[in-house]
Amino acid sequence: MEELIQELIDRQVKSGLGDRLFAERIGLSRSAWLKVRSHRGGLGPQALSGIVRAFPELRSYVAGLLEDEAREILGEEVKL
């Protein structure tokens, strides 16, 4: 998940968008984005859905993260 957060931070910097506009783009409030960005908050289903809508090219990466997390929780092979 850390890599995804860093990717989002990099994309925000490259886009030149402030925290409020970038947060809106990925479907989060400014305060939620600031928590994620500072590693004090996580990315839940709503955030991941917003990220995929804003950046469709990250869909496979996000799906892989979800698959890895499900495998850790369930302790078995999982295919999403």
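Start by selecting L48 and its surroundings: setting aside neighbours within four places in sequence, L48 touches L4, L43, V62 and L66, where contact means heavy atoms within 4.5 Å. You're looking at a predicted model, so local features need pLDDT of at least 70 and side-chain atom pairs count only at pLDDT 80 or more, while totals for chains, interfaces and linings use all residues. Numbering runs from 1 along each chain as its sequence is written, and side-chain values use heavy atoms, with hydrogens and water left out.

Stay on L48 for a moment. L48 sits in helix α4 (residues 45-54); helices here are DSSP runs of H or I, at least four residues, numbered from the N terminus. With a relative accessible area of 7%, L48 is buried (under 20% is buried, over 50% exposed, in between partly exposed; 1.4 Å probe, protein chains only).

Next, the rings. The structure holds 2 aromatic pairs, meaning Phe, Tyr or Trp rings (six-membered ring for Trp) with centres within 6.5 Å; planes under 30 degrees apart are stacked, over 60 edge-to-face, the rest tilted. Select F22 and W33: their centres are 5.1 Å apart and their planes at 50 degrees, so this pair is tilted. The pair links distant parts of the chain, with F22 in helix α2 (residues 19-25) and W33 in helix α3 (residues 30-37), 11 residues apart. F22 is buried at 0% relative accessible area, and W33 is buried at 0% too.

Now bring in F55, which forms one aromatic cluster with F22 and W33.

Last stop: R11. R11 lies over the face of F55, 4.8 Å from the ring centre (the cut-offs: NZ of Lys or CZ of Arg within 6 Å of the centre and within 35 degrees of the ring normal).

Technical notes. Helices (H or I, at least four residues) and strands (E, at least two) are DSSP runs, numbered from the N terminus.
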